[in-house]
Amino acid sequence: MKQEKEFGFDTRMVHAGHIPDSQTGSRAVPIYQTSSFVFFDADHAAELFDLKQYGHIYSRISNPTVSVFEERMASLEGATGAVATTTGMSAQLTVFMTLLEPGDEVVSSAHLYGGTLVQFTHTLKRMGVSVTFVDPTDIGAWERAITPRTKALYGELIGNPRGSIMDLEKIGVLAAQHCIPLIIDNTMATPYLCRPMGFGASIVVYSATKFIGGHGNSLGGVVLDSGKFDYSRFPAIAEPSPKYHNLRFYDTFGHYGFLMKLRVETVRDTGCCLSPMNAFLLIQGLETLSLRMERHVENALKIATFLEEHPKVAWVAYAGLPSHPQHDLANKYMPKGPGAVFSFGLKDKAGEDVRLSGKRFIENLKLFSHLANIGDVRSLVIHPASTTHQQLTDEELKACGVGPELIRLSIGIENVEDLLWDLEQAFHAL
Ligand SMILES: *Cc1c(COP(=O)(O)O)cnc(C)c1O
């Protein structure tokens, strides 16, 4: 079908990447729960294996249900393509495994998801890649950290857990000046609130486990490429690959070269492919993304405002509040609102252990679930210093802005009055 009209975000959210099944007419995306796909004949098989023809071989490399999720994400992001993975952690790791050689360096924001910090500090190190962490809001620090061996800039648009906002455009310019890709983890914002490729990002990664799926029922990740970055300086993508008779991915597939290599080498070799069932559940989530995000953001702003005025609260770090140091940047990059995950600090009262107060507060909440996740339709709460960021040393904790008084909330889509009631009664119990 030739498409004459450029469809809007909400239309693409429910249609992109899928037409009704030609054999059965199935309107919903079928779950192709199969490991392999029958070849038409021996020549077809040979061509598929040699990457001379597109088509499905084995679900570790591609699968029709997973392809719908990938194409839908690429459409929503305005990317040239996407590769789905088991989780957000594998999405970012496959990017580095595809892009980097031992000896390469990465400059990264220090305000990262705890698991990412550990992956960067320890796992990448064992791959021979060193990561320099910088304060994401300090452009000079990014610039000073870049060396001739720097092969990527990395950051979370909305940093964890203080909600710092990266100045995408400025860091994008820096990346372009040094011919290195800017990689953005956009998990907190989703393509509905911000599309970082419009501000200079070359690669965007997601933990689809969070707002993309949105219902806290499936893990997933996705890597997207703008298709605009020149990878000719990256030997892993530009040089002949011994795994495919010296195929040059960048020469052969052009703007799709990076993702081809990531799919048919990195994901194939590591087996971190998304399962058809999880792809189906993530597609279900995507179909209501904009509706959910609007409610998430609306509730988050009301709750952040309530907390900021509360006598038992020391501070609130939500970029949607005028008091946040990057409120203007948040408005620039996310005019619909800077997501629904933020943290606040309990007031440290003389004679009371703020750690204990934090614990008691969380234990008294009735609607908020105490667990390690974000981006669920249900409201969630956690105390990072004793959970997600527990593996970090005191120094590392300080560098990423996590104090013992910090409580992180992920605001759901419930009636906001009920969430406010829940918070108030938990404060009362302190
Ligand atoms: C959860 C999360 C990840 C890791 O994703 P998983 O799907 O849990 O592997 C990475 N980055 C951010 C910002 C996250 O919130």
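Biologist: Happy to look at this with you! In which sense do E6 and strand E7 pair, and over how many bridges?

Modeller: In this predicted model, strand E7 covers residues 221-225 and is a partner of E6. Within that pairing, Val205 stands opposite Val223 in E7. The two strands pair in the antiparallel sense, over five bridges.

Biologist: Are the two faces of E6 covered or open, and which residues sit on each side?

Modeller: In a regular strand the side chains alternate between the two faces of the sheet. Strand E6 spans residues 203-207, and five of its five residues are buried. Both faces are covered, with Ile203, Val205 and Ser207 on one side and Val204 and Tyr206 on the other.

Biologist: What is the bridge partner of Ser369 in E11?

Modeller: Strand E11 covers residues 380-382, and two bridges join E10 to E11. These two strands run parallel. The bridge partner of Ser369 in E11 is Leu380.

Biologist: Now for some backbone angles. Thr190 has a positive phi although it is not a glycine, so what is the angle, and is the residue buried or exposed?

Modeller: Thr190 lies in helix H8, which covers residues 190-193. Its phi is about 65 degrees. With a relative accessible area of 0%, Thr190 is buried.

Biologist: His245 also has a positive phi. Where does His245 lie, and is it buried or exposed?

Modeller: The phi of His245 is about 45 degrees, although the residue is not a glycine. His245 lies in the loop between helix H9 (235-238) and helix H10 (249-253). Its relative accessible area is 68%, and a residue over 50% is called exposed, so His245 is exposed.

Biologist: Which residues is Asp422 in contact with, leaving aside its neighbours within four places in sequence?

Modeller: Asp422 lies in helix H17, residues 416-428. At 0% relative accessibility, Asp422 counts as buried. Its contacts are Asn364, Leu365, Lys366, Leu367 and Phe368.

Biologist: And how far is Asp422 from Pro404 in space?

Modeller: Along the sequence, Asp422 and Pro404 are 18 residues apart. Going from C-alpha to C-alpha, the distance in space is 22 Å.

Biologist: What about Ser357: what is it in contact with beyond its neighbours within four places in sequence?

Modeller: Ser357 is found in helix H15, residues 354-364. At 8% relative accessibility, Ser357 counts as buried. Its contacts are Leu346, Glu352 and Leu430.

Biologist: One more residue, please. Where does Ser275 lie, and what separates its C-alpha atom from that of Lys312?

Modeller: Ser275 lies in the loop between helix H11 (257-270) and helix H12 (276-286). At 31% relative accessibility, Ser275 counts as partly exposed. Lys312 is 37 residues away along the chain, and the separation of the C-alpha atoms is 45 Å.

Biologist: Stepping back, what is the radius of gyration of the chain?

Modeller: The C-alpha atoms fill a box of roughly 75 × 55 × 35 Å along the principal axes. With 430 residues, a compact globule would have a radius of gyration near 22 Å. The value for the chain agrees with that, at 22 Å.

Biologist: How much of the chain is buried?

Modeller: The secondary structure comes to 17 helices and 12 strands. Of the contacts with a separation of 6 or more, 72% are between residues 24 or more positions apart. Buried residues make up 57% of the 430 residues.

Biologist: Finally, how far apart are the centres of the positive and negative side chains?

Modeller: The accessible surface of the chain comes to about 18500 Å², with 54% of it belonging to carbon and sulfur atoms. The chain has 38 positive and 47 negative side chains. The centres of the two sets lie 1 Å apart.

Methods
Residues numbered from 1 in each chain as written. Predicted model: local features only at pLDDT ≥ 70, side-chain atom pairs only at ≥ 80, totals over all residues. Heavy atoms only, no water. Helix = DSSP H or I, 4+ residues; strand = E, 2+ residues; numbered from the N terminus. Rg over C-alpha atoms; globule rule 2.2 N^0.38 Å. Buried < 20%, exposed > 50% of the residue type's maximum accessible area, 1.4 Å probe, protein only. Contact = heavy atoms within 4.5 Å. Areas by Shrake-Rupley, 256 points an atom, 1.4 Å probe, with all protein chains shown as cover. Lys, Arg positive; Asp, Glu negative; His and termini not counted. Charge placed at Lys NZ, Arg CZ, Asp CG, Glu CD. Pairing = 2+ DSSP bridges.
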